[in-house]
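Me: Please take a close look at one part for me: the places where charged side chains pair up. Where do the partners sit, and how well are they covered?

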Amino acid sequence: MSFEYLGLKEINGPLVVLEGALNIAFEEMVELKLEDGSVKAGRVVYLDDEKAIIQVFEGTYGLSLTNTKTICSGRPLTLPVSEEILGRVFSGSGKAIDGLGEICAEKYLDINGAPLNPVARTYPRDFIQTGISAIDALSTIIRGQKLPIFSGSGMQHNKLAVQIVNQASVKNSSNDFCIVFAAMGVKNDVATFFKRSFQESGVANNVVMFLNLSNDPIVERILTPRCALTAAEYLAYEKGKHVLVILTDMTAYAEALREFSSSKGEIPGRKGYPGYLYSDLASIYERAGIIEGLEGSVTQIPILTMPNDDITHPVPDLTGYITEGQIVLDRNLDQKGIYPPVSILPSLSRLMKDGIGEGFTRWDHSVLANQLFSSYAKAQDARSLASVIGEEELSALDKKYLNFGNMLETEFIGQLASENRTIEETLDLGWKLLKMFSKEELDRVDEETFNRIYGLKN
Amino acid sequence: MQNSNKIYSINGAIIKVKDTKDFFMLEKVFVGQKQLIGEVIAVNENETTIQVYESTAGLKPGEEVLGSGMAMSVTLGPGLVSNIFDGIQRPLKALNSVYGATILPGSKVKVLDEDKLWNVSVKVKVGQTLTPGQIYAVCSETQLIEHRLMVPPNISGIVVSCAASGLHKLLDVIVILEDENGKQHELTLCQQWPIRVPRPTKQRLELNMPLITGQRVIDSLFPIAKGGVAAVPGGFGTGKTMTQHQLAKWAEADLIVYVGCGERGNEMTQVLKEFGSLIDPKSQRPLTERTILIANTSNMPVAAREASIYTGVAIAEYYRDMGYDVAMMADSTSRWAEALREISASLEEMPAEEGFPAYLPSRLSQFYERAGRYKTLGGMEGSISIIGAVSPQGSDFSEPVTQNTKRFVRCFWALSKSLAYGRHYPAIDWNMSYTEYIEDLRLWFESNLGSEFLQFRQEVLNILQDETKWLEIVKLIGSDVLPDEQKLTLEIAKIIRVGFLQQNAYHKIDTYVPLKKQMLMMGIILNLYNKCKNVLKSGALFTDILGTGIFEVVTKLKYDIANDDLKKFEDYNKLIETKLMVLNN
């Protein structure tokens with residue numbers, strides 16, 4: 001049974017106030033029907049005996065206090081799902097926009113999901129090979145992980161995301177990934193780039209797209225990642241698929257949240273973002289993982305652009321606190337023409353330690369990774385010293401580090417967008433670069449490993 | 001008779017009820033048809049404000065709110081240890097088996113297993129007078145923890161009947177007490193205690209013993225006392241959680257309460273799994289047998305996150321009262337402060353700094369003051385040490401939570417991003433960290449390790465200080481121009497950093513290092529330093545010393561000397577002697 005109410009009390013930005021509503025529930029979905037027959041969706045965000053405040057998704061354009069009929073649905077915002085969603089394109093609120101008609105729903109799922117019981121989770125350990133050395137060797141992605149890409153405007157994060165999508169594979173697993181792609185506030189060109197790339201690489205039939213472009217309503221943007229993750233969870237936990245979720249751009253999402261929060265008159269926290277930004281982001285990012293006893297998994301790669309390349313900005317900062325590591329792109333490397341411009345020192349994968357080594361990647365993986373980090377950190381020190389006293393004045397050892405730093409950037413980090421290196425190739429390449437150092441200079445390599453790696457050749 | 005109270009308004013986790021005088025402050029209430037758990041947080045003539053610990057989606061005005069007649073409490077009894085709870089003490093394993101993988105609003109299960117039989121041995125007789133805190137029975141909760149059942153703090157009287165020792169269920173009446181007013185109290189295996197009220201004790205004691213953690217940078221440079229408080233601030237990726245895990249694994253406490261407050265779900269899963277398989281070095285039993293986990297992950301309701309800290313500390317106090325040394329890890333207190341901020345904002349309170357409520361400092365101090373070493377009501381000695389992680393926004397230590405925490409803790413282990421980037425773990429920055437416990441612990445160190453320990457500590461700190469100073473110069477002009485003696489200092493500082501402060505949590509020897517070995521390690525590094533200084537004085541060149549390779553040997557000795565093979569240090573001292581002898585001539 002649904003109720004209909006005529007007229008509104010107040011309209012303010014994306015919010016409308018309904019008076020005298022009875023039997024309406026918190027966070028319930030409503031439809032606002034205009035006189036001309038057009039329909040807008042909304043959600044109840046505040047409720048008391050006398051009034052209900054409703055947030056309208058498609059904008060309040062055209063609404064007046066008298067021309068609107070409000071219809072209560074009696075349920076929270078749901079997403080219709082079935083296996084047909086693969087290969088389809090939806091709006092940010094889950095409406096089909098590819099002209100192929102509505103989804104014939106198998107069921108309707110609440111887009112807010114429900115928190116996963118930590119006891120029911122399986123700790124993720126399966127290594128995903130992306131074919132990108134900087135990621136595979138130094139900030140390894142694990143199936144079921146949430147690992148964001150911190151980028152900046154104008155850098156090649158989209159190209160990197162497409163490359164990951166195209167090349168991601170798990171050893172000894174025939175089950176390929178399917179992809180859920182959510183665009184929040186991105187430019188039309190970017191959405192087209194992803195669409196085209198998916199078609200070119202032939203994965204388009206395995207992709208579900210949720211598009212909220214930069215000129216679409218901001219309230220819908222708040223729903224976009226939730227719809228996408230609901231679809232992902234459905235595919236993973238009910239259909240047993242391994243799902244890779246790309247969310248871009250989380251900064252635009254957070255800005256939408258800020259805009260919406262200020263229109264509700266909430267007290268702002270840092271940089272005007274609402275105080276609940278952390279909890280809100282967590283309700284998105286935490287929806288990655290594996291449930292014990294179930295087949296599928298949800299792996300998240302959110303992309304965000306750091307305003308002014310500032311990693312301490314609230315959005316990357318809070319994201320870093322929730323996600324299991326981060327892949328940071330660096331403007332300097334990008335300027336040097338190195339692709340992918342992954343800055344390896346601040347990049348980190350928290351789940352890496354349990355997903356590498358014997359039985360996962362290769363026995364020497366963690367030693368190599370530690371040594372590369374350590375040597376590259378010294379190369380950076382040498383660089384900053386060289387910028388003060390000049391390269392000529394450096395000691396022989398510092399010059400060696402300088403050289404190593406450059407080699408690592410061009411040969412190891414840098415690769416082609418179509419280049420798919422196996423983990424063995426990546427690790428061998430790393431050892432090859434380290435060969436320029438003597439045994440004493442490899443401070444993270446123990447005797448046994450050293451002999452096993454270089455033994456025959458020395 | 002209670003009138004029926006109806007929900008008037010709903011705003012996120014905050015609901016209001018109008019025109020009622022039925023509720024008292026901090027009362028636990030049940031909200032709506034699903035009987036969501038809530039707590040009364042403000043009462044005035046017109047309306048009562050309730051914060052709801054579960055998602056309020058789907059709630060309607062007009063649904064009923066029921067009072068429970070008691071404050072938000074924890075259930076205390078055998079079965080807590082080895083278990084995992086959410087912020088309002090719902091057991092997650094039981095929830096999982098009843099309701100499945102997700103936590104839905106309105107899910108209800110019993111806190112403790114009421115059917116399990118415990119082998120109880122009763123310690124009192126009929127006619128005996130019992131006072132608060134006195135033990136009336138014990139049972140073995142796990143192999144490591146003997147659960148001591150104590151008379152609740154507000155009850156005393158004469159035993160009028162008591163059950164026989166043997167197998168009992170949680171709610172079986174063990175003892176009936178008659179107080180001086182003739183009122184009878186039934187004591188079972190469990191009791192309730194309001195989470196926001198500290199459990200009473202007899203007396204606060206001085207702190208005089210270190211909480212040994214097996215982590216070199218902590219035990220040797222910045223030790224914490226049993227009953228002390230420490231904060232671990234650090235930006236993301238600096239290893240806060242890793243440090244907390246290491247402490248939870250190896251700290252020499254009887255019981256660990258680990259509160260995952262607003263952190264990652266996978267991390268809690270990892271703790272569950274790892275602690276089940278790790279063996280406590282002292283008792284040779286799995287670590288889970290001395291661990292209680294509270295997990296309110298970041299996506300669980302924010303109000304329950306606020307409560308989780310109190311739930312944790314109330315449980316810790318209960319075990320302290322049994323006479324145990326309890327260590328509580330809170331990861332992270334910033335998330336808890338943010339929960340305060342969120343709730344405060346939806347109450348439309350006037351914000352202070354960065355939107356945090358003005359009562360943030362007082363709440364923080366109330367929480368940290370629940371740590372300490374005490375004489376319990378039952379006459380035993382117990383302690384709670386609290387180690388709180390802080391996640392400063394933008395890694396900026398000047399933000400309100402870090403600054404206010406700093407005022408209430410006496411031990412500060414600052415994690416640094418640049419150390420973490422260089423994969424120097426634990427990334428505790430020696431220039432920013434401090435401890436105020438040294439003076440309290442002086443006597444203990446001197447009588448257990450000799451006066452050398454603190455002397456070594458000071459020398460190591462001095463060398464690190466000097467290094468910072470010389471490195472400033474190196475940054476400007478390069479290291480070649482420094483005199484040999486300063487080069488030596490830099491090299492020794494490097495050994496301290498790499499060979500002593502860096503500790504590999506994944507290495508079977510290095511993950512936990514006994515205090516004695518820590519001292520010997522400092523000793524050998526300082527010995528090397530002094531010997532090298534002498535060699536330099538006698539005219540040798542620094543590059544000659546470098547050429548002997550002795551520095552590498554000492555740097556790597558942390559992996560080469562087993563924790564129970566401390567005699568080997570003598571060999572190293574001899575090695576230093578022989579290697580440097582050549583240069584002396």
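Predicted model: local features only at pLDDT ≥ 70, side-chain atom pairs only at ≥ 80, totals over all residues.

Reply: Residues are numbered from 1 along each chain as written, chains are lettered from A and ligands numbered from 1 in written order, and side-chain values use heavy atoms, without hydrogens or water.

Start with the count. Over all chains, the structure holds 50 salt bridges (a side-chain nitrogen of Lys or Arg within 4 Å of a carboxyl oxygen of Asp or Glu).

Take chain B. B:Arg335 and B:Glu338 join their side chains in a salt bridge, at 2.9 Å from N to O. They sit in helix H6, residues 333-346 of chain B (helices are DSSP runs of H or I, at least four residues; strands are runs of E, at least two; numbering goes from the N terminus). Now for cover. B:Arg335 is buried, because its relative accessible area is 0% (buried is under 20%, exposed over 50%, partly exposed in between; 1.4 Å probe, protein chains only). B:Glu338 is buried too, at 3%.

Next comes B:Arg410, whose partner is B:Asp440; their closest N and O atoms are 2.9 Å apart. This pair links distant parts of the chain, 30 residues apart. B:Arg410 lies in the loop between helix H8 (400-408) and strand E25 (411-412) of chain B, and B:Asp440 lies in helix H10 (residues 438-449) of chain B. B:Arg410 counts as partly exposed because its relative accessible area is 29%. B:Asp440 is also partly exposed, at 28%.

Some bridges share partners. In this way B:Glu263, B:Arg264, B:Glu267, B:Arg335 and B:Glu338 join into one network.

Chain A has its own pair. A:Lys439 meets A:Glu447 in a salt bridge, 2.8 Å from N to O. A:Lys439 is partly exposed, at 31% relative accessibility.

Now the covered helix. In H2(A), 9 of 11 residues are buried. Among them are A:Leu160, A:Ala161 and A:Val162. A:Leu160 belongs to this helix, residues 157-167 of chain A. Its relative accessibility is 0%, so A:Leu160 counts as buried. Leaving out residues up to four places away in sequence, A:Leu160 touches A:Ile132, A:Ile135, A:Ile149, A:Leu329, A:Tyr339 and A:Pro340 (contact means heavy atoms within 4.5 Å). One of these, A:Ile149, is 11 residues from A:Leu160 in sequence and 9.2 Å away, C-alpha to C-alpha.
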